[in-house]
Amino acid sequence: HYIAVLPPGQRGPMARFAALLLLPVLIESVVSISFFLPVNSRKCLREEIHKDVLVTGEYEIGEQTNTKTNLKITDSSSHTLYSKEDATKGKFAFTTEDYDMFEVCFESKSPMGTGRVPDQLVNLDMKHGVEAKNYEEVNFLLF
């Protein structure tokens, strides 16, 4: 499995190449990542997953005044698996119906522009398969 942080609109062969070079992380069943989300921007993580696999996750987004961050998880057919507007901290779970690629997107919005608002720290921890079944032991790994 590979996970990559890709800017919106980066698709096709270049996206696959960037996914391999930008953040190649060979994973078995646990993904822990932290990153900074600039105001009025969107960052997405993608992961391939097998059919009938339980995926659980926990996220925490640093709060900023006058900034709202939305979280949306979709499959490759753009079906929404999880969505939370003005997300700050929470958990999610879903089971995949097919062998598919799913995408976790964080989008930051602020009416104040980009120059006055610091980036938000996003912590995301996802587990799938056997690791996802013990949901109480979800921890963040900070980089």
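**Exercise 1. Aromatic pairs**

*Solution.* 
Step 1. A pair of aromatic rings is described by the distance of the centres and the angle of the planes.

**Exercise 2. The largest nonpolar core**

Identify which residues of the largest nonpolar core touch the most other members, and which strand gives the most to this core.

*Solution.* 
Step 1. The largest nonpolar core has 22 residues, and those touching the most other members are Tyr-59, Val-104, Phe-106 and Leu-124.
Step 2. At least two core residues come from each of strand 2, strand 3 (42–49), strand 4 (54–61), strand 5 (68–75), strand 7 (89–95), strand 8 and strand 9 (120–128). Strand 2 gives the most, namely four residues.
Step 3. The surroundings of Phe-106 may be examined next. Apart from neighbours within four places in sequence, the contacts of Phe-106 include Phe-35, Leu-37, Tyr-59, Ile-61, Leu-71, Val-122 and Leu-124. Among the other contacts of Phe-106 are Ser-41, Arg-42, Lys-43 and Asn-70.

**Exercise 3. Salt bridge**

Find the side chains that meet in a salt bridge and state whether they are buried or exposed.

*Solution.* 
Step 1. The count comes to one salt bridge. Its partners are the side chains of Glu-103 and Arg-46, with an N to O distance of 2.9 Å; the cut-off is 4 Å.
Step 2. Since Glu-103 lies in strand 8 and Arg-46 in strand 3, the pair ties together parts that are 57 residues apart in sequence.
Step 3. Glu-103 and Arg-46 are both buried.

**Exercise 4. Confidence**

State the mean pLDDT of the protein and locate a stretch where pLDDT stays under 50.

*Solution.* 
Step 1. The mean pLDDT is 77, with 67% of the residues at 70 or more.
Step 2. Over residues 13–28 pLDDT stays under 50, and the model has 25 contacts beyond four places in sequence for this stretch. Residues 135–143 also have pLDDT below 50, with 25 contacts beyond near neighbours in sequence.
Step 3. Where pLDDT is low, the predicted coordinates should not be read in detail.

How values were computed: Residues numbered from 1 in each chain as written. Predicted model: local features only at pLDDT ≥ 70, side-chain atom pairs only at ≥ 80, totals over all residues. Heavy atoms only, no water. pLDDT = per-residue confidence, 0-100. Contact = heavy atoms within 4.5 Å. Core = buried A, V, L, I, M, F, W, Y, C linked by side-chain atoms within 4.5 Å. Buried < 20%, exposed > 50% of the residue type's maximum accessible area, 1.4 Å probe, protein only.
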